[in-house]
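Dear colleague,

Please find below the structure that I am handing over to you.

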Amino acid sequence: IKSQLTLKKSEASHKMLRKWLSKSKGYSDLKKETLVPSDDKDAVVVENPQHWLGLRRLSDAPEYMRGKETEDDATTPLISEESL
């Protein structure tokens, strides 16, 4: 696994990633709809993605991982359905 995973910042990208994780979509669909080059300025970058597999919340992560990440205290979701 690469040390960085770069994803499009969109609701469609999020849905495709979830479908791929549940095995209802294939890797070719994921690659076409979700993954972007690492130099894309409007993307979400996940550092060390293998450490995050299976976690549902940042608070569930081990202490050594929580220190490396920042948590937003906003009450709105990361991707708002109204904004699309």
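Not counting residues up to four places away in sequence, S13 touches K8, E33 and T34; contact here means heavy atoms within 4.5 Å. Please note that this is a predicted model, in which local features need pLDDT of at least 70 and side-chain atom pairs count only at pLDDT 80 or more, while totals for chains, interfaces and linings use all residues. Residues are numbered from 1 along each chain as its sequence is written, and side-chain values use heavy atoms, with hydrogens and water left out.

S13 is found in helix α1, where helices (H or I, at least four residues) and strands (E, at least two) are DSSP runs numbered from the N terminus. S13 counts as buried because its relative accessibility is 3%; buried means under 20% relative accessible area, exposed over 50%, and partly exposed in between (1.4 Å probe, protein chains only). The buried residues of α1 are E11, S13 and M16, and their cover includes β1 and α2. Just after this helix, K23 takes a positive phi of about 65°.

K8 is partly exposed, as its relative accessible area is 33%. Under the same exclusion of residues up to four places away in sequence, K8 touches S13, K32, E33, T34 and V36. K8 and L35 are 27 residues apart in sequence, yet their C-alpha atoms are 6.3 Å apart in space.

How many salt bridges are there, if one is a side-chain nitrogen of Lys or Arg within 4 Å of a carboxyl oxygen of Asp or Glu? The count comes to 1 salt bridge. K9 forms a salt bridge with D42, and the closest N and O atoms are 3.8 Å apart. This pair links distant parts of the chain, 33 residues apart: K9 is in the loop between β1 (4-8) and α1, and D42 is in the loop between α2 (27-33) and β2 (43-47). Side chains of opposite charge can pair when their charged atoms come close.

Lastly, the surface holds a nonpolar patch formed by W20, L21 and Y27, with about 320 Å² of accessible area together. Patches are made of residues with over 30% relative accessible area and no salt bridge; like charges are joined within 9 Å, and nonpolar side chains (Val, Leu, Ile, Met, Phe, Trp, Tyr) within 5 Å. Accessible areas come from the Shrake-Rupley method with a 1.4 Å probe, and for residues only the protein chains shown count as cover. L21 lies in helix α1 and is exposed, with a relative accessible area of 52%.
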